[in-house]
Structure formats: C-alpha cells, structure tokens
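Subject: Structure for you to look through

Hello,

Here is the structure we talked about, with its sequence.

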Amino acid sequence: MFELLGVPPQALFGQVLLGLINGSFYAILSLGLAVIFGLLNIINFTHGAQYMMGAFVAWMCLNYLGLNYWAALLLAPIIVGATGIAVERLLLKRIAHLDHLYGLLLTFGLALIIQGLFRNQYGSSGLPYAIPPQLAGGKNLGFMFLPNYRAWVIVASLVVCLSTWFLIEKTRLGAYLRAATENPTLTQAFGINVPLLVTLTYGFGVALAAFAGVLAAPIYSVNPNMGGDLIIVVFAVVVIGGMGSIMGAIVTGFSLGLVEGLTKVFYPEGAATVIFVIMVLVLLVKPAGLFGRPA
Amino acid sequence: MKLKMFLAASALAAVMASPALAQQISVKAGVLNDRSGLYADLSGEGSVIAARMAVEDFKAADKGIKVEIVSADHQNKPDVGSTIARQWYDQDGVDLILDVPTSSVALAVSQITKEKNKVHINSGAATSDLTGKACNANTIHWTYDTYALAQGTGGAMVKAGGDTWFFLTADYAFGHALERDTAAVVTKAGGKVLGAVRTPFPGTDFSSFLLQAQASKAKVIGLANAGGDTINSIKQAGEFGIVAGGQKLAGLLVFLTDVHSLGLQAAQGLVLTESFYWDTNEGTRAWSDRFSKLNGGKRPTMVQAGVYSGMLHYLKAVEAAKSKDAAAVVAKMKELPTDDPLFGKGSVRADGRKMHDMYLFEVKKPSESKGPWDYYKQVAVLPADQAFRPLSESECPLVKK
C-alpha cells in the first residue's frame, strides 16, 4: 500500500483536518488578541481567562438558567464582553498612557485572580458539558470519522474570522478603527469618539475569546485552567503572525494548528514545543512576524 | 530553714520530672501536593483535611504527641517540589512529607527524604518504581501503584477478550511506568501491544492520538494518563465514535473526581481500579460523611483516604517507638500491622509497599445512580498479594533474596 513518510495518506488527511480544527481555536483567540493589541496597544493576558469564562458562562446558562448551547453561543460573548468593557473602563483606561508593561502586568494579575476565583468555586477537575443534540454523531468521510461538532467548529470559526477581517479592513467602522490606531489625536479631532471606539474594541476582542470558549466547552474539559494552558500557545501564534496584524493572526492560527497536528503524527513528543521552535525561527528571520510591519 | 528545704525538694522534684516532660514529642507533617492544577481536586486541600482528621482521630494531644501540619503547592513540577521539600527539611523542621501526587515529583521528593533521613509517605503518586528500583528505607508508598492498576484494569480487560492494545501515554515518569506495567500484564496473559503514542503533558486535544489508536485496530485503547488528560481523552473518544466503533477504552488511572467531572453519560461502563471508594461499607461511609462536610460536599478520593490512613499509622508508630527518629519510626511502621476503617487490615512490606486489597469498579449508568457521587459498582476484589508486585520480582535493593 502506498504510504507517505510511513503514514497511509488517508490517515494523513484526517490529521490535516484535525490540525485545521485545532487551528480554528488558535485563529479566533489570536484574532481577538491582535484586534486588542492593534488598537489599544495592550497585551491582553486576561484573554485565556476570558476564554475560560466563555465556557463557564455556557455551563451556567445550561445549569442555572436551562438555556441550551445555541443561546449560550449568543449570550456568553455578550456577557463576557460586557465584563471586558467594565474592565477597560475601570482599569485599563487609567493606565492607557503608560508603557506596555503596565497593561501586561495588570491583565496578567487579573487573569490569575479570575482563574483563582473559578477554581475556588468549581474545583480544578472540570465540569461536564454535552455536545448539542443537533450536532451529535458524525460522518464517515472514508479517510476518517468526522464528528459533526468538529465540522461545525471549523465553519463557525472561519465565518467569525473572515467577518471580523471584513469589518475591520473593508467597512467604514473599520476605517475609523484603523485611523484611531494610526493617530488617535487626529482621529478625535475629526469628531470621532475614540475612547468609545477603544472600549467597544476591547469588548469585542473579549467577546471573541468567550465565543471560542463556548465552542470549546463540549469537546474540552470545562475547567478553570483551560485558558491558562492555551494562552501561551496563542501568544506564540500572535508573535509569529505579527503583533496587531488581523490577517496574520487568522492565517497563522490555522497553519500552526496544521503544523502541530502533523507533529502529533510524526513526532508526538514534540507536539507541545513545535510552535515555540517555529516562533524562535521566525523571530530570527523576521522579528516583526510573518505579516507584521516593522515599527 | 524549712523553707530552704522545701525549695530544694521542689527543685529536685522538677529536675526529676523533666525527663517525663521531654517525652512530649512534637511532629511536623508537610502535605505536599497539587493545589492549583489538574490534580488539585483529587489531592489538594482535601488531603490536608484528611491529615488533620487523622491527628484528631488518633487523639495525638492526649498521647503526648504534638502535631503541626503545613501544606504547599508543588505545581506538578519536580524542581518546585524539590525546593519545597529541601526547605521544609532543612529550615522548617518538617519530619515527614505526605501525599505528593505526580510521579516525577514523588521520585525527587523520595530521594531528598532519603538524603535528609526523614520520612515520606506517598499517597498520590502512581509509579511502582517508588517501591521498585527507586525504593529507599525512608519512603512508604501507601495507596496504589501502576503495578496494581495494571493487574486490576489490564487483567480484567484481557480476561474479557481485549487481547490487542494501543496505548495513549502521558509523556513523563508516571505514564511510562503505567504503560510498562500494563503492557507486561497484557503480554503475560497472551495479548499483544500493537503500538503506543506519547502525548505531551498536560494536553488538551487528544483527537489526533485517538485517530492513531483507531487506525491501529487494537481492541483496547489503554489510557496511561490521569486527571484532565484522561477526562479529555474519554470525552473526545466518545465524540469520534471510538467506543461505538467497537474499540474499548481502558482508563488505567481514573479517580472519583474525574468521573464526577466527566458526568455519568460520558463515563458509564468504564472499568477502573481503585483501593478506596467512599460507599463500600459502614466505616468508609461514616468517615466520608465527616470528610465531605469539611470539604465543601465533595467526597474523598482514594488519594485523600490514603493520606488519612498513612498519617494515622505514622502516629501509631511514633507512639510505639517513643521517638520521631526516621529509622525507628519506619521500622515500627513496617513491624506494626495497619488497621483503619478505610482500608481495613494490612501491613507495610520491607520494600515500603503498603499492602491492602484493590477493587475493580464499573462506572454506573445514569439510571442506576442515586445522585452526585453515587458512581461505582464493585465488580471484583483483588487480594493484596495478587494486586501488588511480589517481592520475588522486586528490583528494590532493600529486599534480600
């Protein structure tokens, strides 16, 4: 039988597809980070905790309010996004004029506090959350069994990523945003409410994280550490793509998911480190990242 | 004159009495485990509560033994665990370290305990090397080990016709030991190991590895992992239709808290091996009721029960040895039979292995469960001498052959 590097091609297709599915989580999360960094110049270390909050809000919706997955998919980003807006107004705004480092420390501390509070309340081993009945089961594609839910994850994240890209790069609102990024003072002089724009952008970035959290709830264990484990990888993705680059975050997210997926086949022990090896290589060759512009 | 005589007499009496006062032994016990990561629910604060209950039940204060309990988070990292263990032994006057889940950390702490000549009673870690080639005279391995897990779950699966295996192995000391011990049981029973994949620890997405396991066409997929890794593997195996496709999952180390987190819908039918379950008899139920009141309603895991039982036996040994000298206490622990309501009667072997029965459980269907924490039905009892590695096969230098 024909084999590619010792692996049957059918198995390889399956692994490529799985890599893309994991890449969709990286893409949505790094997109949120890129949007926030692009406009606020804040390295949002709370992102992982906000992703975790998304998953927990989905769980709470189901167990306290009896609301199903689809309602949670809509509600969780709104609720967690609203907490993000509160964080921006109450905390981040006060340090906006200071160095990056202050924002990083503040958001990092916040992430630890949020994780600690959830751990205290819900323990560390996680909570059960079932796949919605409409998406249970799967299809046999010949080369692999594709669960319907995973197919949904990839579709949903592609739609969200591309609409975000379209919103920022192709619409009038996006043009205001980009203008405010380039030169906030001048943009404000044209009568655009920059502080409001900043707040809403942060809220939107956080909502993206929560959306990814709800997507993740049925397939990964819903536990307080779920974001902390993921966020470091996502930061590497953002750095490789280029800080602040929207398309860079999306493309890098999917392709690194792919690379990681293939590593799991050929050298599983290295799957946790391959992204960081790539990060080092990219930084050596292109310090601004693959899609970033040198500052 | 009379007054002087009286004073001298009382002074003399005080001097005479002081040896009796010196009999007061003060012991400092450190509970070292995961307090924030994936093993925090199965060990964590619950183990500290269990240790305190042991001190209370032993009535240590009435017997002239003063016990202080401290605790710390080793974050599942051998370097962090080693630093804390050294500081506890060197500066804080800690006499024994309890619990220590995560095999890589346990092996490091056991080594330091030997260097400093203190006592380590391990409840949380799994590797059978603690009483095998890495054994020492200062370490006692209490609750379970990879050998017993392999005998229990591995043996039962092969007996039920699962004679070809593929392993998903957490890539560190524990996973390697569990895979090795289980593969030995499988091959000895005439089965075959078709392959294994080493998964980075801790992991989130196991679908890629599960697909490799699926492609191997092995009848049984052995999960040589624990905690969050096991939860994610079982959850995702369901998603990818692995069990529906006829392959069986063997959770080689599954704790009560993992089943609680998975929910019975996802976990039903899983066969697993443990040495303690709260709903076994009157004694375990009564103790577990007290425990769960102190632990926010959560039922104890076997790890937490093991910390209680180990602490209790240590105190008995200190009382019998009238000293907290490590060599004397460990000798007493090995000499005295163990007995408590949680594990019943047992003993501590020369290699430091605590001997008690292990149980094979099956996770109940949602319809069979009366509510939260009512999860297991007992399938079989493995007598201690079959569950644990016989001394004749031991690589431990303490065992004279």
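A disulfide here is a pair of cysteine sulfur atoms within 2.5 Å. This is a predicted model, in which local features need pLDDT of at least 70 and side-chain atom pairs count only at pLDDT 80 or more, while totals for chains, interfaces and linings use all residues. Residues are numbered from 1 along each chain as its sequence is written, chains are lettered from A and ligands numbered from 1 in the order in which they are written, and side-chain values use heavy atoms, with hydrogens and water left out.

The disulfide

Searching the whole structure gives one disulfide over all chains. Its partners are B:Cys135 and B:Cys396, with an S to S distance of 1.9 Å. The torsion about the S-S bond of B:Cys135 and B:Cys396 is about 75 degrees, so the disulfide is right-handed. The pair links distant parts of the chain, 261 residues apart: B:Cys135 is in the loop between β4 (119–122) and β5 (139–141) of chain B, and B:Cys396 is in the segment after α14 (384–387) of chain B. The helices (H or I, at least four residues) and strands (E, at least two) are DSSP runs, numbered from the N terminus.

Buried means under 20% relative accessible area, exposed means over 50%, and partly exposed is in between (1.4 Å probe, protein chains only). B:Cys135 counts as buried because its relative accessibility is 10%, and B:Cys396 is buried with a relative accessible area of 3%. In chain A, A:Cys61 is buried at 3% relative accessibility, and A:Cys161 is buried at 0%.

Domains of chain B

UniProt, in an unreviewed entry, places the feature "domain: Leucine-binding protein" at residues 26–364 of chain B. UniProt positions are given in the numbering used here, feature names are shortened, and annotations may be inferred rather than shown by experiment. Over residues 26–364, chain B is 44% helix and 21% strand, and the end C-alpha atoms are 45 Å apart.

The domain assignment of chain B lists domain 1 (24–144 + 280–356) and domain 2 (147–272 + 358–387); such bounds come from an automatic or database domain assignment. Between the C-alpha centres of domain 1 and domain 2 of chain B there are 27 Å. Their contact (heavy atoms within 4.5 Å) takes 25 residues from domain 1 of chain B and 23 residues from domain 2 of chain B.

Sheets of chain B

Strands of a sheet pair through backbone hydrogen bonds, either parallel or antiparallel. Two strands are taken to pair if DSSP finds at least two bridges between them.

An open sheet of four strands in chain B has the order β7-β6-β8-β9, with parallel pairing. Its edge strands are β7 and β9 (248–251) of chain B, each of which pairs on one side only. On average, neighbouring strands of this sheet are turned by 20 degrees against each other, direction ignored.

Within chain B, strand β6 (residues 164–170) pairs with strand β8 (residues 220–224) in the parallel sense over five bridges. Opposite B:Leu168 stands B:Leu223 in β8(B). Helix α6 (residues 173–188) of chain B lies across β6, β7 and β8 of chain B, and runs at about 170 degrees to β6(B). Helix α7(B) also packs on the sheet, touching β6, β7 and β8 of chain B, and its direction makes about 165 degrees with that of β6(B). For these angles, axes are lines fitted to C-alpha atoms, for helices over the stretch in contact, and angles run from 0 to 180 degrees between N-to-C directions.

Strand β3 (residues 96–99) of chain B and β4(B) pair in the parallel sense over four bridges. The bridge partner of B:Leu98 in β4(B) is B:Ile121. Both faces of β4(B) are covered: B:Val119 and B:Ile121 on one side, and B:His120 and B:Asn122 on the other, are all buried.

Two single residues

B:Pro200 is in the loop between β7 (192–199) and α7 (207–215) of chain B. This proline is buried, at 14% relative accessible area. Not counting residues up to four places away in sequence, B:Pro200 touches A:Pro268, A:Glu269, A:Ala271, A:Ala272 and B:Phe209.

A:Thr107 is in helix α4 (residues 100–122) of chain A, and counts as buried at 1% relative accessibility.

Regards
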